[in-house]
Structure formats: structure tokens, C-alpha cells
Amino acid sequence: MVLVSPACALIAAFVLFPLAFAVYISLTDWPLIGPYHYIGLANYRELFSDPQFRHAVVFTFTYTAIVTAPIFLVGYGLALLLRSNRPGAKIFRTIYFLPFVVGLTTISFMFVIELQPNSGSVDWLLSRLHLASSTQAWTVTHDSALLAISVIVVWFASGLTMLILTGGMQGIPRELYEAADVDGASWLKKELRITLPLLRRSIALSLIISVIGSFLAFNQFFILAQNNVSLETVVEWIYQTGFSSYRLGYATAMALFLVVIIGIVSMGQFLVLRDETEL
Amino acid sequence: MSAAGATAARPVARHRRARGPAFWAYLFVATALALVFVVPLAWAVARSFQPSTLASQHPQGADFTHLTIANYRAVFAQEHITRNVINSLIAAIGTAVLSMVVCTMAGYGLAKFRFRGSGIVFASILLALMIPFQAVLTPLFIELNYLHLTNSLLGLVLVYTTFSLPFGVFVMRNTFQQVPAELIESAEVDGAGVVNTLLRVLRPLILPGLATTAIYAFLYSWTEFLQALTFLETDGKLTLPVKLFDIETSTYGTINYGYLSSGIVIAMVPCIVLYLSLQRYYVQGLMSGAVKG
């Protein structure tokens, strides 16, 4: 069919082919330049005994575990606040989504400036609020950098969760709440018995998007803390191994590991959404 | 109170509630939150207009009586950022246009025609949806290098289009599914070809979907960092985000805050302007649950 062929050509050329190619590359010692050799499963063997890789995997899971719940809860709270479409709700919704529109890359550069110990506004604000007395080199120590980046990401991403949940909330028939009102149901009961069950699909969607996004984290760590090895994510490791150490074969073995993890999460996404896309 | 009574009393009750303490509490909380989301962005803009001696100080040092565009002048004159802004525009507009064409065609084909292999096509698009570009970064680099598409904005546009396809194809497919079949049939009876039907008859109906697709593609490519960082090499080809990274890291140890803060605002403004002027389409598209990764 002529109409779908451009889309298919692009996907074949830049997704399916590289994916198949990746399997082959991962079995070689492919350098950035020069000849390569077939080395079998050596890359994979090295991968599973590589302490730095293990550290990156554990760190990425930890980071994902830290930010997922706050992003969801803040996004859910924002969606609830604006649910009844009171005056101004549309404007507030537009505003809460702004950081997401600006993008995590630009936001990260912003906080390169604002997290500086002496000139950044974060230190200044905290000392003004008497929450911290001394200046803090935010991106240097592991815990403070992780804390700062997590807060930035929650601020950045909760707007998207809010929008997805709002979309779901608007699909819940108003009559259900009115019927519950008639029965004298409390607010909490309505939330637990009506909103949460009927919002299941949107909740799953927003969680999956945020989990995948967190697991693929790169920009914020690379831009804000690229010299801090203790904050290295899986994707950062792939980039560094491939393009700083010029070990493309080894980096690709790691990337295929990523495909497996993302594939598992995506399968969940697929199963949740299947009923809606009438496959 | 009976059900009928509750319904009848509702409009009055709601009207009164709209101005009651609950309303003011809502307004207070929502406004406070709005400040949390806006102030950091507004402060980034304010900082960029500070004289360069003040640009590297905390907010207390801010001086709103001597606002200056010196940082912008310097970043254009010293860092030649014009080139990078143009590169980013080429990448973003190119991706938006190509996505509109490819997604319209694919969406139309998938929504309105049943053909042999349409299941496979749909499955392959779903597969593409599950593979993040980060996972094929290395083979993609080798492939593009072989095709002489590294350090090339064309290569970047092709890759960006591919990875914004899943979203766009879904949006356009849903859009076309809502177009009544009779409209297309009557156009065919009138002897209009596929292209004519699309351009003349269906255009007003698919415009919202097209806008959603285009904004998504533009914002994605304007803010994309890792692929641009990997695939582009020379200074003259860099897109804005990679250029900002250069500004952050090139001067050893000390960052030129004036350059960086004005560059940030230049990167921020197109996103905000586009979003605010077309947010009806974008927000609606995202809320309809069409987002899939």
C-alpha cells in the first residue's frame, strides 16, 4: 500500500535494521574506527561481571523508584484540583504543563546556573527560608545531587501525568458522582469507588510513561552531573562506553539489555492499552 | 431529599459555591502552585537580562533598573549562536513537515483501507513504539556514518521523524477514523484522487490532528539532546541544546553565565510561544490518551 510505505521505510531503516544490526555488533569488538573481530559472547560475559555497569543499573532503578511515586502523586493532585473546571482551571492547567513543554534539556541548563553554590537561586532561597545555613555544592555529592535532580524532574514531569489523568477523569460520566451524592457517599468513598477504578487505564498509562522515561534518564544527569560517576545512569553508560571509550560492541551489548527491560515494561503498556486500540 | 429535588437545586447551589470559601481556597492553592511552576522560568528570563557582572549572582543581586541585552549580543557575536539557532529550526521544522506528510499518509491508509499486510504494518509501528532510540543509539550511529548521514541535519531529520512517527501515526489514524466514510466516497464519485481528496475535502477535518502531530514533532526535535550530541560533530552543524552544552563545558572550570542564560531563553521561547498559541490542539491531543511513549 503506497500510503503507508514512507512510514514503513523509515521504521525499517532506522528502527528494525539497527535493532537486528545491534545483535551482530554486540558479538564483536567493534571500535569507532578500524577493523572489528567476532568475539562471541565475550561482551555479555564482561557485562555481567562489570561492577560499573552493575552500579549504573542499580542507580537507574533506584532513581526510577525515587521519582515515580512523587511524579504520580503531584500529577494526581494537580488533576484533582482542576477537575471540576472552576474558573481559571484552564489557565492553571496550561501553566502547570509549562516545564514539560520547555523540555528537560533546557530545564537542566537552567539548573546548572541555579544550583551553583554561591550564585544560584536555590541556595539563596533555602537560606532565606532558614532551611539551610551553609552553601551546598549540589551536584558534587551523591545524595544532594540525586535529591536536587529528583525535585527538578518531579517539577518537570508532573504536568504530563496531570494531563493524562485529566483526560481519563473527563471520560467518567458525571451521573455516577451524582448518583453517589444521592446515596450520601463521602468524598473519599467516591474517589475510591468511582474515580480510581474507572481511571485505571490512565493511571497505568501515566505510570508506564514515567517509569520508561526515568529508566532512560540521560539529559539531567549528563548536563548537571556528568563528572559524578556515582550518578551514572544506564543510558549515560552506553553513551560513554560507545563514544568516549570507543567500544561500540560492548556498548551495544548493554543497549540490548536495555531493550529487554524496556520491552517488558512496554508489554505492560501494550496489554493495558490493547482494549482501546481495537487490534 | 429526592433525586429530582437534588438535581433541581444543583445549579443554584453550584453558583453559590463558586464564590464561597471553597472557591477562594481553590484559587489560593492553584495560584500558589502556578507560581511554583512559573517563577523559575520567569527568573531564568530575568537573569538573562542582567548585566554580566550580576548574571552570576544569586537573586538578591538582581537589578531591574539596568536591564541589558548585552548577554544576547555577546552570545550571538562571540559564540556565533545564530548558526545553531538556524540548525535547530531546520531540524525542528523539517521534522514537523516530514512528520505531517508521512503521518497523514500512514494514518489515512491505516484508517480507511484494509489491505494485505495491514496487520504487519500496524504491528511494526507498535514495535517501533516499544524501541526507544537510546537502545539503538550505537547501531544507528554506525549505519548513519555508513550512509554519510552523521554530522548532517538531513540525517537528524530522518531519525527524529522516525521516532516521532508512532505518536503521529496514532493521532492521524484516530483523526481519519472520525471522518465519515460517505464524505470520502462522495469525493471519489466526483472523481477526486487520493491526493485531491486529502487536500481539498478532508483538510478542514484533519487540521486539529495535523496540528497536534506537528507541534509534537517540533517540540521533540527542538529539545532533543542525546541524538544530536551523538550524531553531530562540527560546531557549524550543532543544534542549540548541544551548543549550550559546549558553552557549559568548554571554558575550563568557569561557566560564562551570561552566554548560558541568554542561550537558555533563546531555547525556551519558541517552545512557549508555540505551546501557548496552539495549546488547544496539543493539550487535547495529549489528554485524549493518544500519548504512547
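This is a predicted model: local features need pLDDT of at least 70, side-chain atom pairs count only at pLDDT 80 or more; totals for chains, interfaces and linings use all residues.
Trainee: What is the order of elements in chain A from the N terminus on, and what are the spans of its C-alpha trace along the principal axes?

Mentor: Chain A has 14 helices and 0 strands, and from the N terminus on its elements run α-α-α-α-α-α-α-α-α-α-α-α-α-α. Along the principal axes, the C-alpha trace of chain A spans about 75 × 65 × 35 Å.

Trainee: What percentage of the residues of chain A count as buried, and what percentage of the residues in chain B?

Mentor: For chain A the count is taken over 279 residues, of which 46% are buried. For chain B, with 293 residues, the buried share is 45%.

Trainee: Among contacts with a separation of 6 or more, what share in chain B comes from residues 24 or more positions apart, and what share in chain A?

Mentor: In chain B, residues 24 or more positions apart account for 75% of the contacts with a separation of 6 or more. For chain A, with that separation of 6 or more again applied, residues 24 or more positions apart supply 70%.

Trainee: Which helix of chain B gives the most residues to the side that touches chain A?

Mentor: The contact between the chains takes 78 residues from chain B and 69 residues from chain A. By class, the side of chain B that touches chain A has 59 nonpolar, 17 polar and 2 charged residues. The element of chain B that gives the most to this side, with 15 residues, is helix α14 (residues 257-290).

Trainee: Why does the end-to-end distance of helix α11 of chain A agree with the number of its residues?

Mentor: Helix α11 of chain A covers residues 200-215, which is 16 residues.

Trainee: How are α8(A) and α11(A) oriented to each other, roughly parallel or roughly antiparallel?

Mentor: Helix α8 (residues 142-170) of chain A packs against α11(A) with the axes 8 Å apart and at an angle of about 160°. The crossing of these two helices is right-handed. Because an angle over 145 degrees counts as roughly antiparallel, α8(A) and α11(A) are roughly antiparallel.

Trainee: Which residues of α8(A) and α11(A) meet, and how do the residues of that contact divide by class?

Mentor: From α8(A) come A:Ala157, A:Thr161, A:Ile164, A:Leu165, A:Gly167 and A:Gly168, and from α11(A) come A:Arg201, A:Ser202, A:Leu205, A:Ser206, A:Ser210 and A:Gly213. Among the buried residues of α11(A) are A:Ser202, A:Leu205, A:Ser206, A:Ser210 and A:Gly213. The residues of the contact of α8(A) with α11(A) divide into 4 nonpolar, 7 polar and 1 charged.

Trainee: Is B:Phe176 buried or exposed, and which residues does B:Phe176 touch, leaving aside those up to four places away in sequence?

Mentor: B:Phe176 belongs to helix α8 (residues 153-177) of chain B, and with 22 C-beta neighbours inside 10 Å it counts as buried. Leaving aside residues up to four places away in sequence, B:Phe176 touches B:Gly107, B:Tyr108, B:Ala111, B:Lys112 and B:Ile206.

Trainee: What is the phi of A:Asn85, and what is the phi of B:His80?

Mentor: Most residues other than glycine have a negative phi. A:Asn85 is found in the loop between α3 (51-81) and α4 (89-96) of chain A and is exposed, with 11 other C-beta atoms within 10 Å, while B:His80 has its place in the loop between α4 (70-77) and α5 (81-112) of chain B and counts as exposed with 12 C-beta neighbours inside 10 Å. Phi is positive in both residues, near 55° for A:Asn85 and about 50° for B:His80.

Methods: Residues are numbered from 1 along each chain as its sequence is written. Chains are lettered from A and ligands numbered from 1 in the order in which they are written. Two residues are in contact if their C-beta atoms, placed from the backbone, lie within 7 Å. Helices (H or I, at least four residues) and strands (E, at least two) are DSSP runs, numbered from the N terminus. Ala, Val, Leu, Ile, Met, Phe, Trp, Tyr, Cys and Pro count as nonpolar, Asp, Glu, Lys and Arg as charged, and the others, Gly among them, as polar. A residue is buried if 20 or more other C-beta atoms lie within 10 Å of its own, exposed if 12 or fewer, and partly exposed in between; C-beta atoms are placed from the backbone. The expected span of a helix is 1.5 Å times one less than its number of residues. Axes are lines fitted to C-alpha atoms, for helices over the stretch in contact, and angles run from 0 to 180 degrees between N-to-C directions. Angles under 35 degrees count as roughly parallel, over 145 as roughly antiparallel, 65 to 115 as roughly perpendicular and the rest as oblique. A crossing is left-handed if the near helix is turned anticlockwise from the far one by less than a right angle, and right-handed if clockwise.
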